[in-house]
Amino acid sequence: MLDTILAGDCVDNLKALPDASVDLVFADPPYNLQLGGDLSRPDNSRVDGVDNDWDQFESFKVYDEFSRAWLTEARRVLKPDGAIWVIGSYHNIFRLGAALQDLGYWMLNDIIWVKSNPMPNFRGTRFTNAHETLIWAAKDRKSKPLFNYTAMKAGNEDVQMRSDWQFPLCTGEERLKGEDGKKTHPTQKPEALLHRILMATTRPGDVVLDPFFGTGTTGAVAKTLGRHFIGLERDPSYIEAATRRIADIRPVEKRDAAPMPSPRAAPRVPFNQVVEAGMIRPGTMLYCSKRKYAARVKADGTLAVPSQFAKSVEVDQGSIHKIGAAVQKAAACNGWTFWHVETDKGLKPIDMFREQIRRAGK
């Protein structure tokens, strides 16, 4: 079922999927807007709002039952460390949030999508609705969902990615339209929004499920980034538009689609491997960046505190981490970044040798 669109009711199609078969769910469910009457602009032209049958529910009770049905099945098909993204407006997101918690999902973040070009409030009776809310939740409290933190920070000018994201509404050439010039789907999401979600919480080859596939934004971005998708959609016209759209997508190279790896995921390199490789000779003195502390490299890859300072520490020989903590009288220390070696260009952190070994092993 990978990279296909399954036609029909989303709950029925979800029940046909195997347990624990999906890495991520992105859901853009009906908002149940409860719109009453036509909405006009100041020039009396009609606003093309969401008045489709699929957004109509008899009551909040019916909407809640529908939401819990698909959320239950979505949780079943998620892998143990899988996660879900759900987007909505003030009309439905709070009901969806309660359902997620009641069903055992574990909340991770709520993200505010700030629209840089929101639709005005034409009647002038409320604040302009300029944002939507996304909920990111893990399958359960024990899950360890993927988060490409390092990639998100590096791509954001080395600043932590915040929970308020600014993107424009889907407009221009990206907006799918029929032969009559009208929008194919009233709530088509911008590809930029899905790009960030998939880059933040998936890796190449992961399976992304979209129970409300619409015109295929999730599938288009997934294919571009080398992820697999499964789309569920009941409207034949949306399926046709999504199929054409995705067929034209050319994926980026796998090496360019992979997020920047986290240092925590890098292969472990023990310090004695640096000594064994001859990168640092036994007897070499290491210093902290300000030369306040020093230690001598031993042939076995441990460090020894110089005798004149040995009485001032609890441990005078040990790993680069233990001795780094001992000289500072700290609870812990990352010896790779704390200790430096003298070079012809001044002090350099010994971490550079670890990176050389990692690159050589690739």
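Reply: Happy to! Asp23 is buried, with a relative accessible area of 18%; buried means under 20%, exposed over 50% and partly exposed in between, using a 1.4 Å probe and protein chains only. Before going further, please keep in mind that this is a predicted model, in which local features need pLDDT of at least 70 and side-chain atom pairs count only at pLDDT 80 or more, while totals for chains, interfaces and linings use all residues. Residues are numbered from 1 along each chain as its sequence is written, and side-chain values use heavy atoms, leaving out hydrogens and water.

Asp23 has a charged partner: its side chain meets that of Lys79 in a salt bridge, 3.1 Å from N to O. A salt bridge here is a side-chain nitrogen of Lys or Arg within 4 Å of a carboxyl oxygen of Asp or Glu. This pair links distant parts of the chain, with Lys79 in strand β3 (residues 78-88) and Asp23 in strand β2, 56 residues apart. Helices (H or I, at least four residues) and strands (E, at least two) are DSSP runs, numbered from the N terminus. Lys79 is partly exposed, at a relative accessible area of 30%, whereas Asp23 is buried.

Which residue pairs with Arg76 in a salt bridge? The partner is Asp19, and the closest N and O atoms of the two are 2.5 Å apart. Asp19 lies in the loop between α1 (10-15) and β2 (22-27) and Arg76 in helix α2 (residues 60-77), so the pair ties together parts that are 57 residues apart in sequence. Asp19 counts as exposed at 54% relative accessibility, while Arg76 is partly exposed at 24%. Glu73 joins Asp19 and Arg76 in a network of salt bridges. Across the whole structure, a search finds 14 salt bridges. Another one of them is formed by Arg162 and Asp164, with closest N and O atoms 2.8 Å apart. There, Arg162 is exposed at 57% relative accessibility and Asp164 is partly exposed at 35%.

Now to the nonpolar side of this neighborhood. In soluble globular proteins, nonpolar side chains tend to be buried together. A nonpolar core is taken as a set of buried Ala, Val, Leu, Ile, Met, Phe, Trp, Tyr and Cys residues joined through side-chain atoms within 4.5 Å. The largest one has 30 residues, of which Trp85, Leu134, Leu193, Ile197 and Leu198 touch the most other members. Leu198 touches Leu24, Val208, Thr218, Val221, Ala222, Leu225 and Arg227, not counting residues up to four places away in sequence; contact means heavy atoms within 4.5 Å. Apart from this core lies another, of 29 residues, among them Val11, Leu78, Ile135 and Leu232.

Strand β5 (residues 131-138) also holds Thr133, which is buried at a relative accessible area of 13%. Thr133 touches Val86, Ile87, Gly88, Ile93, Asp110, Ile111 and Ile112, again leaving out residues up to four places away in sequence.

At 1.5 Å a residue, the 12 residues of α7 (residues 236-247) should span 16 Å, and its end C-alpha atoms are 16 Å apart, which agrees; the expected span is 1.5 Å times one less than the number of residues. Its buried residues are Tyr238, Ile239, Ala241, Ala242, Arg245 and Ile246. Seen down the axis of α7, they fall within an arc of 165°, so they line one face of the helix; the arc is that of the directions from the helix axis to the C-beta atoms. Those residues pack against β1 (4-7), α5 (191-201), α6 (217-224) and β8 (228-233). On the other side of α7, Pro236 and Ala247 are exposed.
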